[in-house]
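Please read the following report next to the sequence and the 3D structure.

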Amino acid sequence: MSWFSRLKNSVDSNALDEELRTELQDHLDRRTAELIEQGVGPGEARRLATLRFGNTTNLRERSREFHLWSALDSVVQDVRYAWRGMKKHPAFTATAVLSLSLAIGANTAIYSIVDAAMLRPLPVADPGRLFTLASNDIEQPGDTPGGERETFNYPLYQALRAAAGGSAQLGLFSYANREEARIAGASNAREKVTRQFVSGDAFEMLRVSPSLGRLFSAADDRVPGAHPVAVLSYDYWHRRFGEDPSILGRRIEVEEASYIVVGVVRKGFFGIEPGQFIDVWTPAMMYRKEAFTNPGWGWFRIIGKLAPGSTQEQVTARLQPAFHGHTESMLKRNPSIPPGIREKFLAMTLHANPAAAGVSGFRQTFERPLWIVLGVAAGILLIACANVASLLLARATARSAEMAMRVSLGASRRRLMRQLLTESLTLSVLAGGIGWLFARWAAPVLISLLSTEGNPVRFALTMDTRVLLFCVAVSTLAAIVFGLAPAWQSAAVQPMVALRSASGQAGKLRMGRFFVVVQVAFAFCLVMAGAGFLFSLRNLFAVDAGFDPHGITVLSVSNDLKEGQAAAQHLLMENLQRRVAALPGVESIAMAPYSLYGGSSWTDQVIVPGRPRVEQESVFYMVSPGYFRTLRTKLLTGRDFESRDSRATEPIPTVVNPALARKFFGDANVLGREFSRPEGTKMKRHRIIGIAADSRYRDLRKGPEPMAYLPLNGESYFALYIRSRLDVGSIVHMVERETQALGSGARIREVTTLETLVGNTLLKEKLLAGIGGVFALLGLLLASIGLFGLLNYSVARRTKEIGIRAALGAQRLDLIYLVTKDLIALVGGGLLAGLAASVALMSLLSSLLFGIRVADPLLIAIAISAFVLSSVAAAAFPAGRALAIDPAVALRDD
Amino acid sequence: MASSRSVQTALDLLVLTVLERRGPLHGYGIANAILDLSAEALRVEEGSLYPALHRMEEAGWVSAEWTVTENKRRARIYQVTRKGKAQLSAESQQWDSFSKGVTRVLRLA
C-alpha cells in the first residue's frame with residue numbers, strides 16, 4: 001500500500017470502512033447465491049452464509065487496525081531510527097539544529113511583529129468594514145511624494161459627519177499622548193499614562209463592550225468641557241489597580257483636568273493603533289475648548305465604519321463636497337496664501353483607506369524596514385537550508401553503502417526516501433521547537449529596541465495560532481527544501497556501484513558544490529546589506545548636524561500660570577535661566593518652547609519685499625539668549641539674542657542661517673535686512689540681527705533647511721537645554737530645587753538628553769543596522785560552516801589519493817592547492833553571483849541607505865575581504881588534515 | 001500466543017499457497033479453495049480469512065486491487081507478490097522442519 005493511501009487511511013477512515021464493508025458483503029452475497037443454487041431457501045441461505053462467516057463488525061475492526069496501526073507504527077519506527085542516527089552524529093546534529101533553529105526563530109520572531117503591526121485585524125467586530133479618512137498632502141519641495149494627511153480638525157469633522165448621513169459612522173480618535181495622571185485617594189505621585197480622546201460613539205462603532213461600568217455614548221458628545229468622565233483599558237486596570245472594581249466612581253486627574261472613572265473596556269482591546277496601548281480614554285469634548293471652533297487645530301484621526309451595503313467609494317463621494325467646501329472657506333479666511341498653494345489646496349481630495357488592521361504611526365516608519373528584515377531573515381533561512389542540505393549530502397555519501405545494502409535487501413526506494421525525509425523532518429521539528437522558544441524571547445527584545453520613553457511601543461505579541469502556523473510552515477518547508485535533494489540522491493543509489501567502491505560518487509559532490517555557491521551568494525548579499533546599513537548609521541552619526549548634541553541634558557518644564565500671562569511666564573523663565581546658569585558644573589543654559597528632534601516644529605512663509613514669493617516654508621524657532629553658545633551652533637556674524645529682544649516691538653530681531661539668506665536674498669550678507677511673515681491677515685516684520693551656521697534641525701537625513709530664530713516669549717511649557725559635565729541625575733536634582741524655589745507650579749516634566757532625542761529619530765536605521773549586522777555575521781558563519789563541511793568531507797574522501805601524491809613527493813603547497821582549488825572556484829563563483837545580486841538588492845534598499853552608493857567600492861572591498869578571511873578560516877582545518885595524512889597509513893587503510 | 005501464532009502461520013501458508021497455485025483470486029475464491037483443500041482440517045470462520053489477508057497485504061506478501069467482475073460487481077482481487085513468494089518458501093521450509101520434528105517426537109515417544 002502506498003504511503004499516500006496509508007496517510008489517506010489514517011485521516012479518512014470512513015473510506016477505508018466503506019471498502020472493508022463492500023469486500024465482506026461481496027463474500028456474503030456470493031456464498032448466499034451458491035447456497036441458493038444448491039437448493040437452500042433464500043432466507044435460510046443468507047442465515048447460513050452469515051453463520052459461516054462470523055462476526056463482521058469484529059472482523060472489520062481487526063482489519064482496520066492493521067491498516068491504521070501499521071501506518072503509525074512505521075512512522076514511529078522511522079522517527080526512532082532518525083533519532084538514533086542523530087544521536088550517533090552529535091556534531092552534525094548540533095550544527096544542523098542550531099543553524100536551523102536560529103533561522104526559524106529569527107523568521108518567527110520577525111513575522112510575529114509584522115503580523116501584530118501590519119497584518120492582524122483589530123480585535124473588534126467586523127474589522128473589514130473599518131476605514132480611515134485621509135487627504136493627499138500638500139507637497140513641500142524635498143518631501144517624499146505621495147504623502148497623506150490623516151489629521152483633521154473639529155469643524156471639518158462635523159461637516160463630514162453630517163454629509164456621511166447613514167452611509168457610515170465616523171469616529172474621532174485623537175493621537176495618543178503620554179501624559180501625567182494622578183489618582184485621587186492613592187498616593188499623590190504623578191504617573192505617566194497613554195491617553196486618547198475619542199468621540200462618544202467611538203466604542204459603540206467598534207462594538208467594544210465594557211467589562212465594568214459603562215463606556216462613552218453620544219450623550220458624552222454634547223458640550224465642550226462638560227463631560228469629565230474617563231474609561232480605563234483592561235490592561236491598565238489590571239496592571240495598576242489589580243482589577244479592583246471599586247475603581248468606578250474614583251477620580252483620576254489627567255494633566256490639568258479631573259475625571260470620574262465610569263468604566264473599563266473589555267479585555268484584549270488596546271485601541272485602534274497597533275503598537276500603542278491606551279491606558280485612559282476621555283471624551284473628545286474634554287479637549288481644549290478653542291479646538292472645537294478653530295479649524296487651525298488638527299488633532300485627531302477619523303476612523304469610520306461602513307453601514308452594511310455601502311462601499312468606501314460611495315462614502316468618499318458623499319464626503320467630497322463637504323471637504324471641498326471646508327477648503328474653500330479656509331482659503332477665504334486666509335487671503336495671504338499665495339496662488340500656487342491655493343491651487344494645490346483646491347486640488348486636494350479626500351479618500352478612504354481600509355483600516356481593518358487599525359491605523360499606525362509605527363507602521364508608517366517601520367513598514368518597509370520590517371519587510372526588509374523579514375526578507376533578510378528568509379535569506380538566512382535559505383542559507384541555513386543549503387547548509388544543512390550539503391551536510392546531509394555529505395552524510396548521505398558516507399551512508400551510500402548502507403543504502404545500497406538496504407536496497408539490495410529489498411527495501412523500496414520510496415521507503416528509503418520516506419525514511420530520509422523523516423530524518424529531515426525530525427531535524428526541522430527539533431529546530432522549529434527551539435526556534436519557537438527563541439522567537440518568544442527575541443520578539444519582545446526587538447520591540448524594546450524600537451521603543452522610546454516618550455513613545456513606548458507595545459504590541460499584543462501573543463504567540464498565537466497564526467504565528468505558530470507560520471513557524472510550523474517555515475519548519476516544514478525548510479525540511480522539504482533541505483531534505484529533498486539529499487533524499488532523492490541517496491534513494492537513487494546504485495547498489496552495484498556503491499557496494500563496489502565507497503568512493504567515486506561524484507554526482508553527490510556536484511550537488512554539494514551547488515549548495516555552497518548558493519550559500520556564498522546569499523551570504524554575500526546579506527553581508528553587503530548588513531554592512532550598508534551599518535555604514536549608513538555611521539554616516540548619519542558622522543554628519544555635521546550644525547550643533548553638538550553631546551553633553552546636553554534636555555528638561556521639559558511646565559508651570560501653572562494661565563495663558564495670557566505671558567509676561568509673568570517669561571519672567572519665570574528668565575529667573576530659572578539665571579539661577580540654573582549660576583549652578584556649579586553648568587557650563588551654559590538655553591531655552592526654547594520645545595526641543596530639537598522632539599517632533600514639534602513650526603514652519604511659515606518668508607516674504608522678502610521686492611523679490612518673488614517662494615512657496616516653500618521655512619522653519620521658525622524661538623530661542624532664549626545663549627542658545628547658540630549652548631548648542632555650539634556657530635554665530636557667523638552679528639549678535640546673539642539679549643534679554644531685551646523679547647520685549648522688542650516690530651521689526652522682530654531675528655537670526656537666520658545661510659540657507660535662508662541664499663534662498664530668499666540670493667546673498668549671504670544679509671545683516672540688517674528685513675523680511676515679513678504672514679500672521680492671519682497681517683504681516684509681521686523681521687530684522688536680521690545675526691547669521692548662525694546651517695543646521696539639520698529635525699532630520700539628520702535631510703540637508704540644512706532655511707531657518708529663522710526668534711526671541712522667546714513666555715510659555716507654560718518649555719524645554720531647557722543644559723550643557724554640563726554633570727550626570728543627568730544630579731542636574732535634575734539641582735534644577736528641581738530651583739523650580740521649587742521659584743513657585744508658580746514650575747516643575748520638571750520630562751528628562752532626556754539631546755543625544756537620545758537625535759538617536760530616537762534613527763530607530764529605523766538602528767534596527768536595520770542591528771539586525772542587518774547580526775544577520776550578516778550569521779550568514780557569513782553559516783556559509784563558512786558549509787565550506788568547511790564540504791572541504792572536510794572531500795579531504796576525507798580523497799585520503800588515499802592525497803597519500804599517494806604525498807608518497808610520490810608532492811610538496812605541501814601542491815597538496816594545499818589540491819584540496820583548496822575546489823574551494824577557490826566555489827567561493828569565486830558564489831561571490832560573482834552574490835555581487836551581481838547585491839547590486840540589484842542595494843538599489844532596492846537605496847532609500848533606506850545614507851551616503852552609500854549602489855555599488856560602493858568600500859563596501860564591496862569589505863565584504864569580499866570578509867569572505868576571503870572566513871574562507872581561509874574554514875579551509876585551515878581540512879587543509880591541515882590533508883597535510884597530516886601519513887602515506888603509509890592512508891594506503892594501507894581501505 | 002504461541003498457538004494463535006501457529007494458526008496464523010498455517011493460514012498464511014495456506015493463503016499464499018492457494019494464490020501461488022491458482023493465480024489472482026478474490027477472498028471468496030480463496031476461502032472456497034482452502035475449504036476444498038482441507039475442509040475438515042481448518043475449522044475457522046470464513047470471515048477470519050479477511051483480517052489475515054489485510055495483514056499480509058500490509059506486510060507486502062500479497063497485493064490487492066479493486067476490479068469489476070463480469071456481473072458488474074466490485075470485487076477485491078488478491079495476488080501473491082515476490083516478497084510473498086519468498087516468505088512462502090521460507091515459511092514452508094520452517095514448517096517442514098517443525099512438522100518433521102513433531103513427527104519425530106511423536107514416533108519416539
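## Salt bridges

Over all chains, the structure holds 40 salt bridges, a salt bridge being a side-chain nitrogen of Lys or Arg within 4 Å of a carboxyl oxygen of Asp or Glu. This is a predicted model, in which local features need pLDDT of at least 70 and side-chain atom pairs count only at pLDDT 80 or more, while totals for chains, interfaces and linings use all residues. Residues are numbered from 1 along each chain as its sequence is written, chains are lettered from A and ligands numbered from 1 in the order in which they are written, and side-chain values use heavy atoms, with hydrogens and water left out.

One of the salt bridges joins A:Arg30 to A:Asp26, with 3.1 Å between the closest N and O atoms. The two residues are separated by about one helical turn, because they are four residues apart in helix H2 (residues 13-37) of chain A. Helices here are DSSP runs of H or I with at least four residues, strands are runs of E with at least two, and both are numbered from the N terminus. Both A:Arg30 and A:Asp26 are buried. Buried means under 20% relative accessible area, exposed means over 50%, and partly exposed lies in between (1.4 Å probe, protein chains only).

A:Asp220 and A:Arg214 form a salt bridge whose closest N and O atoms are 3.0 Å apart. A:Asp220 counts as buried because its relative accessibility is 6%, whereas A:Arg214, at 36%, counts as partly exposed. A salt bridge also links A:Asp645 with A:Arg639 (3.0 Å, N to O). There, A:Asp645 is buried at 2% relative accessibility, and A:Arg639 is partly exposed at 25%. A network of salt bridges connects A:Glu180, A:Glu255, A:Arg747 and A:Arg749.

## Nonpolar cores

The largest nonpolar core has 126 residues, and those with the most contacts inside it are A:Phe482, A:Leu596, A:Tyr621, A:Tyr627, A:Tyr709 and A:Tyr721. Helix H11 (residues 361-398) of chain A supplies the largest share of this core, 19 residues. A second, separate core has 52 residues, among them A:Leu133, A:Tyr234, A:Tyr236 and A:Val264. A nonpolar core is a set of buried Ala, Val, Leu, Ile, Met, Phe, Trp, Tyr and Cys residues joined through side-chain atoms within 4.5 Å. In soluble globular proteins, nonpolar side chains tend to be buried together.

Leaving aside residues up to four places away in sequence, A:Tyr709 touches residues including A:Tyr621, A:Tyr627, A:Phe628, A:Phe641, A:Pro653 and A:Ala692. A contact means heavy atoms within 4.5 Å.

## Helix H17 of chain A

Helix H17 (residues 566-581) of chain A has 16 residues and reaches 22 Å from its first C-alpha to its last, close to the 22 Å expected. The expected span is 1.5 Å times one less than the number of residues.

The buried residues of H17(A) are A:Gln569, A:His570, A:Leu572, A:Met573, A:Glu574, A:Leu576, A:Gln577 and A:Val580. Their cover includes strands E14 (552-558), E15 (586-592) and E23 (717-724), together with helix H20 (728-742), of chain A.

## A nonpolar surface patch

A:Leu382, A:Leu477, A:Val481 and A:Phe522 make a nonpolar surface patch of about 340 Å². Patches are made of residues with over 30% relative accessible area and no salt bridge; like charges are joined within 9 Å, and nonpolar side chains (Val, Leu, Ile, Met, Phe, Trp, Tyr) within 5 Å. Accessible areas come from the Shrake-Rupley method with a 1.4 Å probe, and for residues only the protein chains shown count as cover. A:Phe522 is found in helix H16 (residues 506-542) of chain A and counts as partly exposed at 33% relative accessibility.

## Positive phi angles

Most residues other than glycine have a negative phi. A:Asp126, which is not a glycine, has a positive phi of about 55 degrees. A:Asp126 lies in the loop between helix H5 (90-119) and strand E1 (130-136) of chain A, and is partly exposed at 41% relative accessible area.

A:Arg207 also has a positive phi, near 60 degrees. This residue is in the loop between helix H7 (202-206) and strand E7 (210-213) of chain A. With 46% relative accessibility, A:Arg207 counts as partly exposed.

## Chain B

Chain B has four helices and three strands, following the pattern α-β-α-α-β-β-α along the sequence. Of its 109 residues, 45% are buried.

Among the contacts in chain B with a separation of 6 or more, 47% are between residues 24 or more positions apart. The accessible surface of chain B comes to about 6,600 Å², and 54% of that surface belongs to carbon and sulfur atoms.
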